[in-house]
Amino acid sequence: MERLTSPPRLMIVSDLDHTMVDHHDPENLSLLRFNSLWEHAYRHDSLLVFSTGRSPTLYKELRKEKPLLTPDITIMSVGTEITYGNSMVPDHGWVETLNNKWDLGIVREETSKFSELTRQAETEQRPHKVSFYVDKSKAQEVTKELSQRLEKRGLDVKIIYSGGMDLDILPQGAGKGQALAFLLKKLKAEGKLPVNTLACGDSGNDAELFSIPDVYGVMVSNAQEELLKWHAENAKDNPKVIHAKERCAGGIIQAIGEFKLGPNLSPRDVSDFLECKADNVNPGHEVVKFFLFYERWRRGEVENCEAYTASLKASCHPNGVFVHPSGAEKSLRETIDELRKYHGDKQGKKFRVWADQVLATETTPGTWIVKLDKWEQSEDERRGCTTTVKFTSKEGEGLVWEHVQQTWSKDSTVKDDSSWII
Ligand SMILES: [Mg+2]
């Protein structure tokens, strides 16, 4: 968050499973549409927060399976763990708050008396979250009985039933809603209260997100019955909460548009980039657009025509250099020429490219350095590299690519590959 010098323009707080991630879409199209919108229009001045019921272990697994961006803040284990940045630094203030009227030993003891409860995997048992599976038909009765027993033992807990099967027991002060409220208070104290906040969810444990004052909310089209029921009973007159017509991340994009929170046209929804000129100089946009073009080129989704390569070459400096992750260097224009050979080589294959953490800095007037993580998914292999691009811009002309340097990312599954193009 240190990179932000003023209040974020938009903070998106999104659930992951069946909200940001559509498990019914093996192509991950709505997620990829969201990714390019976020990186091109929001990353530089906004905050991305993931709020998931997943424990750190399962969250990391999901990140390996799906093309998820790196969030600024991660809220895990149903709002009981808040971490910051890439390195996921925990919020100790939040841990202190959660210790109030909470005793893990007592919760374990009392829950062991219920035969209807099936304990979830060890990785899902966290310092401030105890999780079980319970049949839908038994959920209400168990919740009532258990909360009475825990109260008698002096604890103040919250029991959340979600997804028609998961039962989580948390400290009363925890949950996705309270974690968000804590975060907003903290940002306000730092003078960085977001101009707008949009909460996005699909199931019961997301309801709390929509109860925080001044927060916009979107229930994606595929939201579960339990959340829709909660909405009908508690928030149907709140114009700041909508039930989207589109599924998952598509619903998030729809809400950005409906609430007029900023640009809502994903670069992935633009079919011809030659037609798409940004209103002002935006080097981050240039990079997102290029890698999208690169994906379409290799998938054979854009025509193999001279106009494209000519336009790309024209935007490269004549002496521009590309440094391959292996360390080999060649000229940028040569690299574009080489790209011609690869037109359609990934046609009909599982091949996607996305940019993560695109950040542009104007080092001197007219000179920009853009840093990003570029990812390439090819069948089941994922390759990533940290990319640094130097651009220059002259008055009245577009941006010129001067230098591109790539190094393998530490999370890449392949670190030595001569077939890597750019
Ligand atoms: Mg969900």
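Which residue in β18 is the bridge partner of Phe322? In the structure examined here, which is a predicted model, the partner of Phe322 in β18 is Val404. The two strands concerned, β13 and β18, run parallel and are joined by 4 bridges.

This pairing belongs to an open sheet of 6 strands, in which the order is β14-β13-β18-β17-β16-β15 and the pairing is mixed. The edges of the sheet are formed by β14 and by β15 (351–364), each of which pairs on one side only. From one strand to the next, the twist averages 20°. Helix α9, which spans residues 283–299, packs on the sheet and touches β15, β16, β17 and β18; the direction of α9 makes about 155° with that of β15. As a general rule, the side chains of a regular strand alternate between the two faces of the sheet.

Within the sheet, β17 (residues 381–393) takes part in two antiparallel pairings, which are described in turn. With β16 (residues 367–378), β17 is joined through 12 bridges, and Trp375 has Gly384 in β17 as its bridge partner. These two strands form a hairpin with 2 residues between them, and in the turn Glu379 has a positive phi of about 50°. With β18 (residues 399–408), β17 pairs over 9 bridges in the antiparallel sense, and here Ser393 stands opposite Leu399 in β18. The hairpin of β17 and β18 has 5 residues between the strands, with Gly396 in the turn showing a positive phi of about 80°.

Helix α11 (residues 332–339) was considered next, and its buried residues are Leu332, Thr335 and Ile336. Seen down the axis of α11, these buried residues fall within an arc of 100°, so they line one face of the helix.

Attention then turns to the nonpolar interior. In soluble globular proteins, nonpolar side chains tend to be buried together. In this model, the largest nonpolar core has 99 residues, and those with the most contacts inside the core are Ile12, Val49, Leu198, Ile252 and Val287. For Val49, when residues up to four places away in sequence are not counted, the residues touched are Met11, Ile12, Val13, Pro71, Asp72, Ile73 and Ile75.

Definitions and conventions. Residues numbered from 1 in each chain as written. Predicted model: local features only at pLDDT ≥ 70, side-chain atom pairs only at ≥ 80, totals over all residues. Pairing = 2+ DSSP bridges. Core = buried A, V, L, I, M, F, W, Y, C linked by C-beta atoms within 7 Å. Buried ≥ 20, exposed ≤ 12 C-beta atoms within 10 Å, placed from the backbone. Contact = placed C-beta atoms within 7 Å. Arc of directions from axis to C-beta. Axes fitted to C-alpha atoms, helices over the stretch in contact; angles between N-to-C directions.
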